[in-house]
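These are my notebook entries on a two-chain model, written down in the order in which I looked things up.

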Amino acid sequence: MSGRMRRGWRLGLPPLLRQLAGDPLGLGPAARSPRSQELRARTETADRVVQSICPYCAVGCGQKVYVKHEQVIQIEGDPDSPISRGRLCPKGAASKGLVNSPLRQTKVKYRRPHGTAWEELDLETAMDMIADRVVRTRAETWRETDEDGRPLNRTLGLAWLGGATLDTEENYLIKKLFTAAGAVSIENQARI
Amino acid sequence: MGSNMAEQHPVGFQWVVEAKERGAQVIHVDPRYTRTSAIADRHVALRPGTDIAFLGGIINHILSTGSEFREYVQHFTNAPVILKEEFRDTEQLDGLFSGWQADDGLYKVESWGYRGTEGELTAGKSEQSGDVSGDQAHGAHGMKLPHGEPPEVDIELEHPMCVFQVLKRHFARYTPEEVERICGVPAQRLTAVAQALCDNSGPDRTAAICYAVGWTQHTTGVQTIRAASIIQLLLGNIGRPGGGILALRGHANIQGSTDIPTLYDILPGYIPMPHPESGDDLDRFVDDNGPDTGAWGGLDTYMTSLLKAWFGDAATEDNHFGFGWIPKIDGDHSHYAALTRMIDGRCKGFFAVGQNPVVGSANARMVRKALRSLEWLVVRDLTEVETATFWRSDAPEIEDGELRTEDIATEVFFLPAAAHTEKAGSFTNTQRLLQWRHKALEPPADCRSESWFMYHLGRRIRERLADSPLERDRPLRALTWDYPTEGPQDEPDPEAVLQEINGRHADGSFVAKYQDLKADGSTTCGSWIHAGIYADGVNQAARRKPHTEQNWIAPQWGWAWPSNRRILYNRASAKPDGTPWSERKKYVWWDADARQWTSLGDDPDFVGDRPPDYEPPEDAKGMDAIRGHTPFIVHPDGLGWLFAPSGLVDGPLPTHYEPHESPAANPLYATGVNPTRQLLDDETNPFHRSDGEAGAEAFPFVLTTYRLTEHHTAGGMSRTVAYLSELQPEPFVEVSPELAQLRGLEHAGWATIVTARSAIEARVMVTDRITPLTVDGRVVHQVGLPYHWGPNGLVKGDAANELLAQVLDLNTHISEYKSATCDVRPGRRPRGPARLALVEEYRRRGHVVRESRHDSRGGAEDG
């Protein structure tokens with residue numbers, strides 16, 4: 001029996017029997033049209049596929065990120081993962097919408113003291129200004145020793161919150177730099 | 001318990017469903033009926049904040065029916081250890097343990113120790129002004145014990161002061177009837193749950209307990225988890241396949257950011273941050289913080305290798321490897337303490353990075369007040385989260401006319417961040433598994449990774465201080481900060497960072513395991529628990545062998561710390577003599593012929609060639625002091641602690657205390673609420689009266705908060721996504737038909753929820769999912785509020801955290817989000833000044849109080 005004939009034979013059956021006969025969705029020809037026959041998943045034409053991990057909760061589901069023309073065109077579950085076996089929850093399945101969100105900001109913004117609106121600021125300038133402020137605040141609030149003369153070598157004058165949504169390596173750099181700078185109020189979502 | 005796994009960790013829940021299909025019994029104990037309850041064999045609704053009473057009832061059932069796993073308890077736990085004569089229990093002191101110091105609201109912990117030990121009771125003992133339980137005690141890793149053995153034991157578990165008998169007496173009062181009175185759970189339902197656990201534990205069977213922030217976000221959070229560990233140790237369910245206590249964590253790398261911490265009180269690998277007593281003396285630090293037996297006996301090698309990784313050639317034996325450069329902590333410097341310091345004007349600069357405290361942290365008004373008090377604020381995120389826009393006209397205080405944008409002096413920088421697809425790096429999932437993400441594409445425009453931000457910020461700070469003669473700038477100048485960069489944006493290579501975390505030998509080769517680290521400065525290691533993640537020069541976290549091509553343990557997918565170990569303490573899966581407890585639950589066992597521990601494919605969590613009958617010599621230290629039959633190698637005695645002689649500030653055993661704001665009195669003790677709870681004092685943070693006090697009737701209902709499948713905590717990653725916003729477009733409040741009738745609430749209409757902190761509005765959902773409970777003969781109504789919205793995003797609404805107070809568990813400084821009290825009224829909330837007027841009226845009627853406990857304002861008079 002040719003492939004064409006076999007397909008025809010299956011499509012002619014009622015839905016339940018079609019399912020039993022190897023058409024798992026049981027939709028038969030009703031769902032087919034010349035247009036739908038020609039449809040291809042956009043994942044098939046991606047320039048590359050990259051293995052990733054879902055950015056939401058801590059289950060750690062595997063993701064496959066499909067990129068075309070330097071845009072994320074789809075994110076799917078990774079069937080190889082022993083944790084998720086290809087599945088994603090509503091958030092994970094929507095994570096293309098996260099990286100391509102219409103609310104995503106791509107430019108630095110600056111609000112001066114008492115300002116009523118954002119202003120534009122160059123990234124390099126912003127980095128210089130932030131570095132200046134860290135150096136200044138640290139100097140102003142530095143504490144060498146406690147009342148008993150024991151060493152503290154620290155500042156409580158600047159604080160940090162964030163890490164649970166960042167990478168392990170990023171957390172390492174945050175803790176390393178700020179500890180060397182004597183800043184101890186370095187915290188993240190684990191405290192929440 | 002304390003988790004709605006089907007909705008919050010849906011893909012993880014597939015394994016629960018699969019276990020159920022294979023015959024496992026699933027029990028859900030939670031205030032609300034959820035999709036988890038729908039799949040469970042049994043749902044038990046209990047009053048929020050009473051989990052310890054319920055778990056205590058299970059412990060009492062196990063002990064009073066003799067259902068404990070006897071051999072496991074005798075040999076693997078501290079049940080036989082005899083405690084000090086002077087120890088007194090809450091049952092003797094009406095809710096307090098011995099050692100209570102009313103003056104400072106803390107315990108002296110001396111009497112909680114093992115009999116025959118003296119003085120050096122807790123790690124960090126000198127750091128707590130002698131032996132007082134302070135808020136740093138949780139960095140403790142246990143006491144010093146000669147050759148790792150408790151001095152006095154009764155292996156028959158009969159001595160009246162042995163842990164087993166103390167435990168029995170402590171929990172004897174948690175009868176099914178008493179539990180019913182406290183939790184609102186009918187007595188027979190508790191017994192049925194307890195019996196199901198007992199029936200499914202033992203040599204042939206194991207039971208697991210899963211929890212989430214439903215347990216941690218209480219003033220008794222840590223002790224709730226302790227209660228679960230007591231159950232699991234008594235039933236022999238730790239270190240065995242299918243057992244355990246599984247924390248279901250909520251952020252992709254919340255585990256990684258705890259292991260390599262952005263937390264104030266620890267260094268990478270749970271090494272405590274030093275206290276002033278240690279001075280510049282590394283040996284003193286090690287002596288104060290490391291029990292010298294068990295895995296923490298290697299603290300000198302872990303700490304020295306960390307200092308060498310950070311300070312390189314500048315770290316020498318002569319300068320204690322730069323130990324003095326590590327800043328010292330001497331109080332609570334946590335997130336909430338930092339907020340109070342901002343309000344006081346002593347904390348001037350703040351970074352909020354991938355986190356949105358204006359919606360996520362307790363008491364939004366207090367958070368915004370703190371932000372208004374800053375000199376400068378840096379927010380890094382994908383979108384404009386509320387923390388970046390607290391100064392705009394849609395912030396509640398400004399909308400209500402309390403103040404104007406122009407009055408706010410804070411300078412704000414918003415820097416756009418790179419998404420998870422736009423950078424490479426690892427997330428550590430909730431089971432300690434590190435999985436590497438490959439970079440899919442470059443981030444757009446000004447978007448950058450945090451690696452980029454930190455590296456280039458550090459570079460700039462170091463440039464500014466390069467010629468500084470000041471001693472305080474030495475560590476920044478000495479810091480190893482020369483990561484190779486790549487690509488058009490000079491992105492530091494995250495793999496180079498991972499290599500530093502792994503560590504190297506003096507010849508540059510990679511360290512293969514933490515046991516290879518040295519205290520003489522010849523090894524580097526950024527996090528000792530991660531040693532081996534780059535073994536053989538391979539990024540082990542990036543391994544992706546499909547699960548279909550390996551066994552169910554899947555050891556070649558990612559890498560779990562330590563040593564790619566998938567089940568911790570897995571030596572407990574074999575009997576004391578090293579043979580498996582049963583064929584069915586075989587996992588790790590002693591191969592007598594090869595004289596090696598072997599397993600189904602996991603890394604045995606033990607000294608590989610240590611025979612089960614090994615007894616350490618008198619002078620044994622470190623892992624040499626771990627006896628051949630004791631699986632819990634991070635404890636100095638190798639035992640699982642039913643009774644915790646050190647490490648906790650609020651007692652060696654869990655006991656039922658009411659939430660800080662409660663509609664019920666504690667029927668057990670005069671000390672009804674956790675006496676060590678932490679209360680932060682501010683005019684924005686008043687507290688309600690509890691049952692029995694005048695004014696309690698103003699806030700008659702229990703308020704609990706929770707999350708939804710379609711949203712992610714503070715909403716920054718979900719209210720900005722179109723599909724998710726469409727699926728859950730606005731806040732709602734869940735009430736029972738009875739409460740709806742009582743307060744005249746209409747399904748799909750509006751309700752206003754009021755506490756002394758604020759008033760918010762939400763759509764009403766009248767549902768049987770949330771049910772009134774009968775507590776001590778009275779009906780207690782519950783109000784459920786999901787937690788995701790704010791003024792920004794594709795969908796907007798009032799934020800639940802406007803209502804909550806900053807009242808914390810002193811062990812963790814985590815706030816009580818899960819049980820407060822409130823009132824509910826029909827209709828939308830008042831606009832403008834009328835909102836505050838309504839809240840003021842409630843404050844008066846409720847006789848609300850401001851109170852300060854352990855509110856150190858983050859340490860001495862710094863700044």
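Entry 1: Strand E6 (residues 142–145) of chain A pairs with E7(A) in the antiparallel sense over 3 bridges, where helices (H or I, at least four residues) and strands (E, at least two) are DSSP runs numbered from the N terminus, and two strands pair if DSSP finds at least two bridges between them. The hairpin of E6(A) and E7(A) has 5 residues between the strands, and Gly149(A) takes a positive phi near 80° there.

I note the conventions here: this is a predicted model, in which local features need pLDDT of at least 70 and side-chain atom pairs count only at pLDDT 80 or more, while totals for chains, interfaces and linings use all residues. Residues are numbered from 1 along each chain as its sequence is written, and chains are lettered from A and ligands numbered from 1 in the order in which they are written.

**Entry 2: the other partners of E7(A).** I then followed Thr155(A) into strand E8 of chain A, where its bridge partner is Ala183(A); E7(A) and E8(A) (residues 183–187) pair in the parallel sense over 4 bridges. Which strand of chain B pairs with E7(A)? I found strand E9 (residues 349–353) of chain B, joined to E7(A) (residues 151–161) in the parallel sense over 4 bridges, with Gly349(B) as the bridge partner of Leu158(A). E7(A) is mostly covered, with 11 of its 11 residues buried, a residue being buried if 20 or more other C-beta atoms, placed from the backbone, lie within 10 Å of its own, exposed if 12 or fewer, and partly exposed in between.

**Entry 3: an enclosed helix.** Next I looked up helix H14 (residues 335–343) of chain B, of which 9 of the 9 residues are buried, so it is largely enclosed by the rest of the structure. The cover over the buried residues of H14(B) includes E7 and E8 of chain A, together with E9, helix H16 (364–372), E29 and E30 of chain B, and among the residues covered are His335(B), Tyr336(B) and Arg341(B). After H14(B) comes Gly345(B), with a positive phi near 80°.

**Entry 4: two open sheets in chain B.** I traced E29 and E30 of chain B into an open sheet of 3 strands, in the order E21-E29-E30, with antiparallel pairing. Strand E21 (678–679) and strand E30 (814–815) of chain B each have a single partner strand, so one side of each is left without a neighbour in the sheet. E29(B) (residues 807–809) and E30(B) are joined by 2 bridges, and Leu808(B) stands opposite Ser815(B).

The other open sheet that I looked up has the order E12-E13-E18 in chain B and is also antiparallel, with strand E12 (425–428) and strand E18 (559–560) at its edges. E12(B) and strand E13 (residues 433–437) of chain B share 4 bridges, and Gly425(B) has Arg437(B) as its bridge partner. Helix H7 (residues 168–180) of chain A packs on this sheet, touching E12 and E13 of chain B, and its direction makes about 95° with that of E12(B); axes are lines fitted to C-alpha atoms, for helices over the stretch in contact, and angles run from 0 to 180 degrees between N-to-C directions.

**Entry 5: the interface.** How many residues does each chain give to the contact? I read 135 residues from chain B and 99 residues from chain A, two residues being in contact if their C-beta atoms, placed from the backbone, lie within 7 Å. On the side of chain B, the largest share, 10 residues, comes from helix H18 (residues 450–464).

**Entry 6: totals and confidence.** Chain B has 23 helices and 31 strands, and 64% of its 863 residues count as buried; chain A has 7 helices and 8 strands, and buried residues make up 46% of its 192 residues. Among contacts between residues at least 6 apart in sequence, 72% join residues at least 24 apart in chain B, and 30% do in chain A.

Chain A averages a pLDDT (the predictor's confidence in each residue, from 0 to 100) of 91, with 85% of the residues scoring at least 70. Over residues 1–10 of chain A pLDDT stays under 50. Where pLDDT is low, the predicted coordinates should not be read in detail.
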